[in-house]
Amino acid sequence: MHPVVSSAEYRQRRDRLMAKLGQGTAIFASAPQAVMHNDVEYVFRQDSDFYYLTGFNEPEAIAVFAPHHEEHQFILFVQPKDPAKETWTGIRYGVEGVQSSFGSDIAYPIGELDEHLPKYLEKADKIHYHLGRDEALNQTILKHWQKQLAAYPRQGYGPQALVNSHPLVHPLRQVKSETELALLRRACDLSAIAHQRAMEFARPGHYEYQVQAELEIIFRREGGLGPAYPSIVAAGKNACILHYINNDCPLQDGDLLLIDAGCAYGYYNGDITRTFPINGKFSPEQRTLYEIVLTAQEAAIAKVQAGNPYHEYHDAAVSVIVDGLMDLGLLVGNKEEIIKEEKYKPFYMHRTGHWLGLDVHDAGNYKQDKETWTVLEPGQVLTVEPGIYIAPDIKPAEGQPEVPEQWRGIGIRIEDDVLVTAQGPDVLTSAVPKAIADLEH
């Protein structure tokens with residue numbers, strides 16, 4: 001049986017949000033319906049904050065939370081029923097259907113936002129709203145706030161501040177429920193099956209896009225929504241481009257293949273990277289760099305412990321990578337200075353991971369203030385993905401040696417998805433081989 005977020009869990013999420021709101025009013029908008037070209041639309045993907053709180057999956061909708069209102073605390077504005085349009089684009093819940101199916105206290109047509117929104121703002125002390133990319137909605141919210149400010153001297157109440165809604169909902173999203181973890185595990189399992197298939201399929205003479213097709217057919221065939229992000233299938237020097245998505249080159253004998261791909265399942269996402277030899281055998285240079293990256297990843301995963309500050313697992317990976325590159329003579333000098341001055345960055349230019357959940361780069365702060373890192377706690381999920389990238393035209397940091405030719409054009413990344421638990425790190429993507437002995441044949 002596939003995991004599903006229950007209406008009771010959505011209600012619990014809203015209750016936690018409204019407990020944090022106090023006398024405030026929060027406004028969340030659905031994602032826009034994006035156009036691919038002319039009159040062809042992309043497949044709709046709901047805004048993650050909006051979906052987390054409502055489970056409602058239609059565009060042109062707004063959710064308002066007003067715990068201080070006498071009658072309505074959860075309000076939805078949605079597209080009304082329209083049989084002519086529904087013939088073309090699918091059935092809508094409409095005002096009546098959304099109220100009964102998604103638990104709102106009341107629902108209105110989206111066209112009546114200006115008429116009804118003021119009554120949910122007038123008794124609030126703050127408006128919680130993220131000024132996002134929808135400029136028209138931004139201006140609508142600012143207009144209503146300005147009206148409330150103008151009325152304040154006469155009535156003595158109303159919102160005096162407009163504040164970002166992210167700090168309200170993102171900490172809730174950061175710690176996953178059991179249902180969310182079940183969805184994440186399924187996304188990771190399907191991602192792992194796809195990576196295993198890609199490893200079996202890849203061989204000299206195939207093209208990157210053929211490997212991509214083998215991955216993505218599994219995502220859809222097994223009930224996923226498709227790729228969690230554009231799949232990266234990067235052979236040889238292409239692996240030195242972090243977000244390479246052309247996927248149009250042939251696989252060459254003697255090169256490595258880096259695959260960074262994940263499945264979206266029930267709106268939750270897997271995110272796995274593996275790098276392996278296309279012909280089944282690492283060259284000496286490839287093997288040496290791969291061993292450094294794998295050791296760095298193992299050191300980083302060991303630091304994914306409840307109670308550790310977020311940065312520790314990145315620092316652990318950097319320490320191993322710098323040691324390895326110094327042993328090879330690719331970095332020289334004092335280790336502490338190399339790390340402090342970030343002279344390793346021509347080889348390793350990104351962080352070691354990110355939060356994972358409804359978004360691939362999921363909601364949640366990495367730092368609580370300028371000096372204080374977020375502390376890991378059970379229920380958080382993050383990626384661990386160190387790498388070494390030696391581009392053909394790599395430019396070393398000041399004072400560092402030129403890179404010999406035999407190292408150039410090698411890019412390696414190894415990425416797993418890890419759940420923080422009270423007992424230690426739980427690697428959700430361990431089914432995909434990464435030991436050298438398992439990758440060679």
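## Strand β11

Strand β11 (residues 256–261) is mostly covered, with six of its six residues buried (under 20% relative accessible area, 1.4 Å probe, protein chains only). Strands here are DSSP runs of E, at least two residues, and helices are runs of H or I, at least four, numbered from the N terminus. This is a predicted model: local features need pLDDT of at least 70, side-chain atom pairs count only at pLDDT 80 or more, and totals for chains, interfaces and linings use all residues. Residues are numbered from 1 along each chain as its sequence is written, and side-chain values use heavy atoms, without hydrogens and water.

Leu256, Leu258 and Asp260 point one way from β11. Leu257, Ile259 and Ala261 point the other way.

## Partners of β11

Strands pair if DSSP finds at least two bridges between them. β10 (residues 232–235) pairs with β11 in the antiparallel sense over four bridges. There, Ile232 stands opposite Asp260. β14 (residues 272–277) also runs antiparallel to β11, joined by six bridges. Here Leu256 faces Pro277 as its opposite residue.

## Arg154

Arg154 lies in helix α7. Arg154 counts as exposed because its relative accessibility is 70%, and exposed means over 50%. Its side chain reaches the backbone oxygen of Ala150 at 3.4 Å.

Key:
Polar contact = N/O pair within 3.5 Å; in protein donor to acceptor, adjacent residues only side chain to side chain.
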